[in-house]
Amino acid sequence: MEAWHKANPRPKGDDAAAIRAHQEALLKASNEWCARWPKAGGPAMGRLWTLSALDDAPKTEVEAAVDHAVRIAELSDPHFNPFVLAASLLDRHGLRTEQVPELVKRGLERAERQAKEQARHLAGMPPKMQENIKGEHERARLEAWTILVPAHLRRGDLGAARAVAAEMKSALEAKSAAPAGDEMAKRERAVREATYLQAMGRIARAEGRKADAVSWLLRAAAVAPRRSPESEQRPHHPLREAEAVWKELGGSAEAFAALQQRDEKKIAPQTDWEKRDKALPELALPDLKGRTWKLADLRGKVTFINIWATWCG
């Protein structure tokens with residue numbers, strides 16, 4: 001697997017055709033890996049992620065990949081947790097929608113158990129690492145909410161969708177503002193806020209309040225951290241959803257472009273990565289061979305630091 005990824009790096013830039021060809025080649029390789037290692041969670045999860053990048057993936061292939069991953073989680077690996085991603089794929093393709101809430105529930109339950117197991121080790125960890133571990137469960141809940149709102153709306157259960165949105169709002173309000181200079185925390189908060197705003201837009205659209213939906217969705221698009229131009233063209237991106245509702249209202253493409261520009265100027269997100277002109281503090285870190293590295297050893301060099309912990313394995 002590692003050799004394949006080295007030989008076939010993801011294309012740089014915004015060449016949609018090259019990116020698409022790479023995704024299709026990766027899916028083919030993922031299918032071969034799953035056949036070779038049928039009980040391994042890594043290839044199964046990798047195949048789910050690859051399929052999630054292909055909006056027009058064959059439905060039979062999506063179902064087969066979901067069934068394979070869930071079977072591993074049930075029979076072979078109690079720590080493997082593909083349930084939420086599997087639910088997302090089924091929901092996006094309109095497959096077995098009645099199973100989506102149950103899969104999400106199972107994913108959250110497994111994430112909760114894993115969080116409790118990790119909590120036993122928290123006392124001896126640095127504060128920042130403790131925050132990161134606690135944040136993993138929050139991210140699992142956010143991912144679950146992202147799936148549940150559209151799933152409930154497809155089933156026509158507006159009450160359940162509103163209840164999930166209320167949970168999202170409460171969690172967002174309970175989370176304190178990101179500390180100044182903590183770009184990762186700012187980015188995560190922006191993702192949470194954009195997810196909530198998009199949920200509100202989808203609910204408003206389902207309720208027939210289309211003008212409200214456009215407003216919510218444009219705000220979500222403005223708040224969300226920028227990724228790639230390709231991601232903004234996917235149909236489930238809030239900007240594309242806002243554009244679809246705008247067309248339903250009879251609006252023109254020119255007016256939508258003007259509306260989008262106005263909204264982006266009004267809500268200027270400060271969530272993109274910034275270059276930090278700040279010196280590293282002095283350090284003394286041992287590697288696996290027993291050598292202690294100091295800042296002076298690295299000065300003037302491009303350095304890749306892989307940080308891990310004993311419980312990661």
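1. A word on burial to start: a residue is called buried under 20% relative accessible area, exposed over 50%, and partly exposed in between, using a 1.4 Å probe and protein chains only. By that scale Arg209 is partly exposed, since its relative accessible area is 33%.

2. Some housekeeping before the details. This is a predicted model, in which local features need pLDDT of at least 70 and side-chain atom pairs count only at pLDDT 80 or more, while totals for chains, interfaces and linings use all residues. Numbering runs from 1 along each chain as its sequence is written, and side-chain values use heavy atoms, with hydrogens and water left out.

3. On to charges. A salt bridge here is a side-chain nitrogen of Lys or Arg within 4 Å of a carboxyl oxygen of Asp or Glu. Searching the whole structure turns up 17 salt bridges. One of them joins Arg209 to Glu207, with 2.5 Å between the closest N and O atoms. Through shared partners, salt bridges tie Arg162, Glu207, Arg209 and Asp212 into one network.

4. Glu207 also pairs with Arg162, and there the closest N and O atoms are 2.7 Å apart. This pair connects distant parts of the chain, 45 residues apart: Glu207 sits in the loop between α9 (183-206) and α10 (210-223), and Arg162 in helix α8 (residues 158-174). Helices are DSSP runs of H or I with at least four residues, numbered from the N terminus. Both partners count as partly exposed, because Glu207 has a relative accessible area of 27% and Arg162 reaches 41%.

5. Glu188 and Arg192 form a salt bridge whose closest N and O atoms are 3.9 Å apart. The two lie in helix α9, four residues apart, about one turn of the helix. Glu188 is partly exposed at 25% relative accessible area, whereas Arg192 is buried at 14%.

6. What does Arg192 touch, not counting residues up to four places away in sequence? Its contacts (heavy atoms within 4.5 Å) are Glu138, Leu142, Leu172 and Lys175.

7. Finally, helix α3 (residues 41-52). Its twelve residues reach 17 Å from first C-alpha to last, close to the 16 Å expected at 1.5 Å a residue, where the expected span is 1.5 Å times one less than the number of residues. The helix is mostly covered, with nine of its twelve residues buried. Among the buried ones are Met45, Arg47, Leu48 and Leu51. Their cover includes α2 (16-36), α4 (59-75) and α5 (83-92).
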